[in-house]
Amino acid sequence: MKPHRRKRLAVVAFIAVSLSMATGLTLFALSQNIDLFYTPTQVAGGEVNIGQQIRIGGMVKEGSYESANDTMRVMFSATDYVNEVPIQFDGILPDLFREGQGIVVEGAIDSNGLFVASRVLAKHDENYMSNEVKAAMEAAGVNTENQSALAEY
Amino acid sequence: MWLWFSKLGSPKWFYELSGRWLPWLVAAMFAFLFVGVVWALLFVPQDYQQGLTNRIFYVHVPVASISLAFFPLMAIAGTITLVWKMKLADIVVKTAAPLGAWFTAFALASGSIWGIDTWGTWWIWDGRLTSLLFQFFLLIGVVSLRSALEDSDAAAKACALLSIVGCINVVVIKYSVDWWNTLHQPGTDFVLSSNKANGPDIWVPLVLMIGAVYLFFAVSMIMSTRNEILERERRSQWVEELVDNL
């Protein structure tokens, strides 16, 4: 390779490496802000203030879902299987919502420790399968629900 | 090796070679697309959780994955432009940028449609969605940078540099779902066993659709590169002969 070309290649490589490092350090410093939601454990650890608009991510706790008879109000708990947060929501739930499902809720915690949600989003995992495969796996005693999401929380 | 490398940089050589490849690539693309679409839309089993909505997976995943290939491609071509000043390399940087913007826009749109039905929202500012939107704006930036600079040599250098810089964002997009918690699900690990999640009944049609979309990418890149070659070489003898023979 000719010397002037080698020099230009070195300049390009230097720019690429220094910019990657700058970006890497920035993202590392900002990682708390880039996370989409707090986990119930973070909430239990006091990282969230009362009245602060936040998102919480977790699983809908089995057996925690209750709906009012006369209004749209629903109550359930979001759990990461270590801690849980009670949630109240007045509105329409996404189709994928069910107990055991991963969800992300937007809203704020009131003074009683109840999370009043203004929006509920369903989170689906990266495992795709037919009903037949799911039935076969469950017959074999394998837990098919949100395996990786569990590991994540 | 070096002879082959310098030959590759010759627009005329590329124009002739790609003209011979193009019909085969188009034929292969339609074959993959036909089998892939019919299989993915009519025969893939319904997802246990998402039902029919999950079939948009077969459009979204191939398009989104190829949209991540543009910046690395442009960065390689841009480095060749900066170091060896090869004509063809700058043509690739120029033609890839608007195509990449289209592919990225399509990935964002198909993801939104999937999102409204499963998550319950068109958009959320999580790590994956935001970094992909950033890529879209970067590609628009590369396109406008070239048209903003009148000196074509300076424009080539500036675009090459921006392409190399844009590569960093591809790494961020790819690992966003692992580094941070997001609404977007992480990447899937496909398995060979047919009685587990993500088995061949799910991924075989995906492979066909990925083949179809990658071939479409190749065909559209080659066609717009050939266009740009004719435009830039319009005063050269071989292009004039080509036009005379029409």
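Helices (H or I, at least four residues) and strands (E, at least two) are DSSP runs, numbered from the N terminus. In chain A, the loop between strand 3 (73-79) and strand 4 (84-90) holds A:Tyr81, a residue whose phi is positive, at about 70°, although it is not a glycine. The structure is a predicted model, in which local features need pLDDT of at least 70 and side-chain atom pairs count only at pLDDT 80 or more, while totals for chains, interfaces and linings use all residues. Residues are numbered from 1 along each chain as its sequence is written, and chains are lettered from A and ligands numbered from 1 in the order in which they are written.

A residue is called buried if 20 or more other C-beta atoms lie within 10 Å of its own, exposed if 12 or fewer, and partly exposed in between, with the C-beta atoms placed from the backbone. A:Tyr81 counts as exposed because it has 12 C-beta neighbours inside 10 Å. B:Asn198 lies in the loop between helix 7 and helix 8 (200-232) of chain B, and it counts as partly exposed because it has 19 C-beta neighbours inside 10 Å.

Chain A is divided into domain 1 (1-34) and domain 2 (40-152), with bounds that come from an automatic or database domain assignment. The C-alpha centres of these two domains of chain A lie 41 Å apart.

Chain B has 9 helices and 0 strands, and its C-alpha trace spans about 60 × 35 × 30 Å along its principal axes. Of the 246 residues in chain B, 40% are buried.

Helix 5 (residues 87-118) of chain B has 32 residues, which at 1.5 Å a residue should span 46 Å, and this agrees with the 47 Å between its end C-alpha atoms; the expected span is 1.5 Å times one less than the number of residues. Within helix 5 of chain B, a kink of about 30° lies at B:Ala96, shortly before the proline B:Pro98, where the bend is the angle between axes fitted to the seven residues ending at a residue and the seven starting there. Just after this helix of chain B, B:Gly120 takes a positive phi of about 95°.

The buried residues of helix 6 of chain B include B:Leu129, B:Leu132, B:Leu138 and B:Val142, and also B:Arg128 and B:Arg146. Their cover includes helix 1 of chain A together with helix 4 (70-84), helix 5 and helix 7 (152-179) of chain B.

Two residues are in contact if their C-beta atoms, placed from the backbone, lie within 7 Å. The contact between the chains takes 38 residues from chain A and 38 residues from chain B. Helix 1 of chain A gives the most to the side of chain A that touches chain B, with 12 residues. The residues of that side of chain A divide into 19 nonpolar, 10 polar and 9 charged, where Ala, Val, Leu, Ile, Met, Phe, Trp, Tyr, Cys and Pro count as nonpolar, Asp, Glu, Lys and Arg as charged, and the others, Gly among them, as polar.

A nonpolar core is a set of buried Ala, Val, Leu, Ile, Met, Phe, Trp, Tyr and Cys residues joined through C-beta atoms within 7 Å. The largest such core has 86 residues, and those with the most contacts inside it are A:Val105 and B:Val93.
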